[in-house]
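The sequence and structure come first, and the notes follow.

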Amino acid sequence: MEFSGENFDVIVVGAGIMGSSAAYQLAKRGQKTLLLEQFDFLHHRGSSHGESRTIRATYPEDYYHPMVLESSLLWEQAQSEIGYKVYFKAHQFDMGPSENKSLRSVIASCRKNSVPHQVLDCRQVLQKYSGRIEIPENWVGVTTELGGVIKPTKAVSMFQTLAIKNGAVLRDNTEVKTVLKVKDDVRGGVTVVTSSGEEFWGKKCVVTAGAWVGKLVKKISGLELPIQAVETSVCYWRIKEGDEADYAVGGDFPSFASYGDPHVYGTPSLEYPGLIKIALHRGYLCDPDRRPWGPGPLLDSLKELIQGRFAGRVDSSGPAATQLCMYSMTPDKDFVIDFLGGELGEDVVVAGGFSGHGFKMAPVVGRILADLVLSGEAQGVELRHFRIARFKENPKGNVKDYEEQVSFSVPPQ
């Protein structure tokens with residue numbers, strides 16, 4: 001079937017979780033939508049594959065809280081439309097030194113946004129989780145209800161399927177070379193040109209190219225977005241025999257994060273029976289087209305944390321399995337969601353730099369992107385923190401008065 005030269009209302013470039021969610025939202029609103037992906041659909045080269053992502057409402061930044069709340073509802077809505085689950089609920093548990101500024105900001109944000117929560121000392125944590133989680137005397141724990149596990153590859157497939165059901169056209173193995181402004185006052189819009197020479201016309205375009213967003217935006221407009229690709233390792237650890245059910249999803253064991261150095265996150269056992277996901281929030285800078293595919297970070301600090309936090313019931317000698325994934329990092333770890341500007345003005349919207357914490361918000365990001373291309377503004381959400389222009393005002397982006405949660409470095413030679 002030949003699509004070259006076909007016209008669309010909106011062309012979405014990049015079929016990871018953000019692009020697939022946006023295509024679903026647009027098609028559902030009756031827009032003739034084309035979703036383009038440079039590799040195979042559901043590939044493992046980017047940021048939207050694998051077995052699990054966490055969802056939580058506990059952020060040091062106030063502006064993410066309403067986005068997570070809306071997203072949790074939109075996850076459930078999409079599930080009801082497709083007929084299967086991608087979001088498995090659990091409580092969320094955050095822990096760290098009592099003086100940690102990020103954790104203190106999380107607690108302040110919970111109070112400000114009226115998020116039901118409990119702040120627990122080490123004895124209360126031991127009691128609440130029946131000895132499965134232990135924290136030192138000078139640490140605190142924070143429990144909240146909104147948490148859980150999202151199945152990423154399954155979620156991307158869900159949004160793509162729903163987009164198709166609503167009339168979207170999907171094309172994989174179609175690399176976009178550039179996006180050009182149509183210099184015709186009557187017709188307007190943009191032409192999306194692929195590396196094979198195909199051209200598609202659209203009234204609007206959305207660029208959600210993940211770790212490749214910086215490269216593509218530079219080709220399109222010459223703009224240098226400060227978004228760096230980082231390769232990260234996701235580790236699964238063996239729960240000791242007889243304790244497997246105590247750490248599994250569906251019980252009362254939470255998704256969790258540990259603040260400080262190292263910053264660690266994890267999920268209850270779900271995807272691999274008997275294994276629990278516990279990973280470092282860090283990685284190595286890379287070119288997404290020339291990745292090292294390993295070796296992964298040193299795990300000594302993670303092994304020590306696992307031994308100390310999980311009562312010796314998780315084998316800390318080494319991970320039973322490891323998977324690689326990509327982060328797209330901005331200097332302030334906040335998203336980029338904005339019109340590209342310049343010659344392309346408001347005809348092209350860019351979304352990227354989700355910095356290892358955006359997956360949970362894919363449904364609301366898709367909704368925001370659909371709003372922006374159709375009406376020029378997003379309803380009910382404040383986007384000033386996600387503007388491209390913030391990096392002109394300050395190369396580090398949004399100013400924050402607490403510790404870095406994600407770290408990255410140059411890989412060892």
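Helix 1 (residues 17-28) and helix 2 (residues 65-82) have axes that come within 13 Å and cross at roughly 70°. That makes helix 1 roughly perpendicular to helix 2. The model is a predicted one, in which local features need pLDDT of at least 70, side-chain atom pairs count only at pLDDT 80 or more, and totals for chains, interfaces and linings use all residues. Residues are numbered from 1 along each chain as its sequence is written, and side-chain values use heavy atoms, with hydrogens and water left out.

**Terms for helix packing**

- Helices (H or I, at least four residues) and strands (E, at least two) are DSSP runs, numbered from the N terminus.
- Axes are lines fitted to C-alpha atoms, for helices over the stretch in contact, and angles run from 0 to 180 degrees between N-to-C directions.
- Angles under 35 degrees count as roughly parallel, over 145 as roughly antiparallel, 65 to 115 as roughly perpendicular and the rest as oblique.

**Helix 1 with helix 2**

- The crossing of helix 1 and helix 2 is left-handed (the near helix is turned anticlockwise from the far one by less than a right angle; clockwise would be right-handed).
- Helix 1 makes the contact (heavy atoms within 4.5 Å) through Ile17, Tyr24 and Lys28, and helix 2 through Trp75, Gln77, Ala78 and Glu81.
- By class, the residues of this contact are four nonpolar, one polar and two charged (Ala, Val, Leu, Ile, Met, Phe, Trp, Tyr, Cys and Pro count as nonpolar, Asp, Glu, Lys and Arg as charged, and the others, Gly among them, as polar).

**Helix 1 with helix 5**

- The axes of helix 1 and helix 5 (residues 152-165) cross at roughly 25° and come within 8 Å.
- The two helices, helix 1 and helix 5, are therefore roughly parallel to each other.
- Their crossing, helix 1 with helix 5, is left-handed.
- On helix 1 the contact is made by Ile17, Ser20, Ser21, Ala23, Tyr24 and Ala27, and on helix 5 by Ala155, Val156, Phe159, Gln160, Leu162 and Ala163.

**Helix 1 with helix 8**

- Helix 1 packs against helix 8 (residues 362-375) at an angle of about 55°, and their axes are 8 Å apart.
- That makes helix 1 oblique to helix 8.
- The crossing of helix 1 with helix 8 is right-handed.
- Helix 1 contributes Ile17, Met18, Ser21, Ala22, Gln25 and Leu26 to the contact, while residues of helix 8 that take part include Ala362, Pro363, Val365, Arg367, Leu369 and Val373.
- The contact of helix 1 with helix 8 has eleven nonpolar, three polar and one charged residues.

**Cavity and pocket**

- A search on a 1 Å grid over the protein atoms alone defines a cavity as a set of points where a 1.4 Å probe fits but cannot get out, and a pocket as an open set with protein on both sides within 12 Å along at least five of seven lines; lining residues have an atom within 4 Å of a point.
- Grid points are joined across faces, edges and corners, and a volume is the space filled by probe spheres set on the points.
- The whole structure holds one cavity of 30 Å³ or more.
- The largest cavity has about 50 Å³ of space, and its lining consists of Ser21, Tyr24, Gln25, Lys28, Leu74, Gln77, Ala78, Phe159 and Pro363.
- Helix 1 gives the largest share of the lining of the largest cavity, four residues.
- The lining of the largest cavity divides into five nonpolar, three polar and one charged.
- The second largest pocket has a volume of about 360 Å³.
- Of the 19 residues that line the second largest pocket, Pro331, Asp332, Lys333, Lys400 and Glu404 are the closest to its centre.
- The lining of the second largest pocket has six nonpolar, five polar and eight charged residues.

**Backbone exceptions**

- Most residues other than glycine have a negative phi, and most peptide bonds are trans.
- The Asp261 to Pro262 peptide bond is cis, with omega near 10°, and Pro262 is in the loop between strand 12 (255-258) and strand 13 (264-267).
- Gly294 and Pro295 are joined by a cis peptide bond with omega about 10°; Pro295 lies in the loop between strand 15 (282-286) and helix 7 (300-309).
- Trp293, a residue other than glycine, has a positive phi near 50° and is placed in the loop between strand 15 and helix 7.
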